[in-house]
Amino acid sequence: MDPPLAPPSGNEGDITGTKGAATMSDERGGGRPDPNQHSSSSEPSENKNEGTESEATWKQRYHSAQYWDSRYEGCSEGSFDWYTDYAALAPLFRYYLREDSTVLNVGCGNSAVSEDLAMAGYPNVTSIDISAKCVELMEKRCRAVEDKEGRLKALRFMEMDASDLKFPDNTFHMCFEKGTIDALICDSKQNTPAIRKMIREAWRVLRPGGVFVVITYGAPKHRIKFFKNVDKNTCGKEATPWAITVRRVPYSPSALLIRHLRLALNGKPLRSVTGKMLAEAMSKVREDTERFETAEDEGPEGSVFCYAYCCTKTEDAAVVQVLDKSAPQQPKKEVNDGHDPKL
């Protein structure tokens with residue numbers, strides 16, 4: 001799923017096929033694959049026919065289980081995270097979770113976030129993915145790790161469609177997704193119903209006061225609309241009853257590094273990187289990291305941060321949006337550490 005570094009093309013100005021989806025693409029692959037790119041063994045491999053397919057065809061692939069099974073075929077047991085990693089997200093998890101919290105990781109891919117959560121003391125994590133091959137890889141990876149306390153072996157991985165969850169109502173304290181909605185947005189006209197179903201399903205399986213954390217490169221003007229105008233028969237309201245806080249989260253150093261290397265390579269495969277290119281790219285990553293606190297949104301091609309939409313399940317009909325430009329490095333603890341007293 002790796003787009004070439006091309007100018008933005010598509011709806012809203014943030015659809016994949018852009019350089020900034022490069023950050024998405026470089027980590028489980030979201031966006032058009034680059035037939036010239038050399039993938040890491042832990043990144044899902046590209047379909048060898050994709051380079052000749054039309055833009056409409058490859059965009060429509062991302063809702064297909066068969067597509068992802070083919071991408072994970074031959075993939076190593078290593079991890080690959082879209083956008084950012086657990087280190088950057090840990091403050092959000094600490095803010096919203098307790099040790100006994102139940103977490104659903106939606107569209108987990110071969111990310112390490114579920115394992116990192118378990119090792120950090122949050123053992124009740126269920127991870128789902130539409131790809132049976134991906135689920136198999138993740139189960140095998142967790143079994144292979146030497147874990148004397150058995151925390152990783154307690155993790156659950158299940159093959160499941162995010163728009164048709166097989167869990168009872170009011171099951172989880174948190175639903176979490178990183179890049180899954182963005183992958184569907186690659187063909188927004190085709191997949192908008194699936195995106196809204198996914199959001200409704202997250203609302204359904206969350207307990208009252210639970211939170212749906214959505215990690216995306218999309219700015220609020222492009223994403224909030226998916227949380228509005230939901231079928232009133234879904235939740236009994238005209239609009240999805242979420243209270244939404246939007247926070248900025250830094251891209252991981254590895255994602256930024258790959259972005260700068262690809263810009264330098266100008267279409268050449270990553271194996272063409274020279275020592276000079278690497279040194280210059282690492283210097284730019286340091287600069288990006290230092291300017292995170294004051295940086296503005298420069299679009300998907302240039303931003304040093306992605307967004308975390310922290311959507312709390314409420315009984316109100318209105319969407320409440322607060323854009324918090326500060327990094328969630330030291331989140332303030334609220335009542336019951338983010339847990340609704342009724343839970």
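Glu298 and Arg291 are joined through their side chains by a salt bridge with an N to O distance of 2.6 Å, where a salt bridge is a side-chain nitrogen of Lys or Arg within 4 Å of a carboxyl oxygen of Asp or Glu. The structure is a predicted model, in which local features need pLDDT of at least 70 and side-chain atom pairs count only at pLDDT 80 or more, whereas totals for chains, interfaces and linings use all residues. Residues are numbered from 1 along each chain as its sequence is written, and side-chain values use heavy atoms, with hydrogens and water left out.

Arg291 also meets the side chain of Asp288 in a salt bridge, at 3.4 Å from N to O. Glu201 is buried, with a relative accessible area of 13%, while Arg204 counts as partly exposed at 21%. In the whole structure, the search finds 10 salt bridges. In general, side chains of opposite charge can pair when their charged atoms come close.

Aromatic contacts were examined next. The structure holds 13 aromatic pairs, a pair being two rings of Phe, Tyr or Trp (its six-membered ring) with centres within 6.5 Å, and planes under 30 degrees apart count as stacked, over 60 as edge-to-face and the rest as tilted. The ring centres of Tyr95 and Tyr96 lie 4.7 Å apart with the planes at 70 degrees, so this pair is edge-to-face. Tyr95 is buried, with a relative accessible area of 7%, and Tyr96 is buried at 11%. Phe227 and Trp242 form an edge-to-face pair, with 6.4 Å from centre to centre and 85 degrees between the planes. Because Phe227 lies in the loop between helix H9 (220–223) and helix H10 (232–235) and Trp242 lies in strand E6 (residues 242–250), this pair ties together parts that are 15 residues apart in sequence. Both Phe227 and Trp242 are buried.

Ring pairs also link Trp82, Tyr83, Tyr217 and Tyr251 into a cluster. Over the ring of Tyr217 sits the charged end of Arg223, 5.4 Å from the ring centre, an arrangement that requires NZ of Lys or CZ of Arg to be within 6 Å of the ring centre and within 35 degrees of the ring normal. The charged end of Lys313 sits over the ring of Trp203, at 4.2 Å from its centre.

The structure holds 3 cavities of 30 Å³ or more, and the largest cavity has a volume of about 100 Å³, a volume being the space filled by probe spheres set on the points, with grid points joined across faces, edges and corners. Of the 13 residues that line the largest cavity, Gly107, Cys108, Gly109, Ser111 and Lys178 lie nearest its centre. Strand E1 (103–106) and strand E4 (172–178) each supply at least two residues of this lining.

The second largest pocket contains about 290 Å³ of space. It is lined by 20 residues, among which Tyr62, Ile130, Ala162, Thr180 and Leu184 are the closest to its centre. Two or more lining residues come from each of strand E2 (125–129), helix H7 (180–185) and helix H8 (188–205), and H7 gives the most, with 3 residues.

Notes. 1 Å grid on protein atoms, 1.4 Å probe; cavity = no way out; pocket = protein on both sides within 12 Å on 5 of 7 lines; lining within 4 Å. Helix = DSSP H or I, 4+ residues; strand = E, 2+ residues; numbered from the N terminus. Buried < 20%, exposed > 50% of the residue type's maximum accessible area, 1.4 Å probe, protein only.
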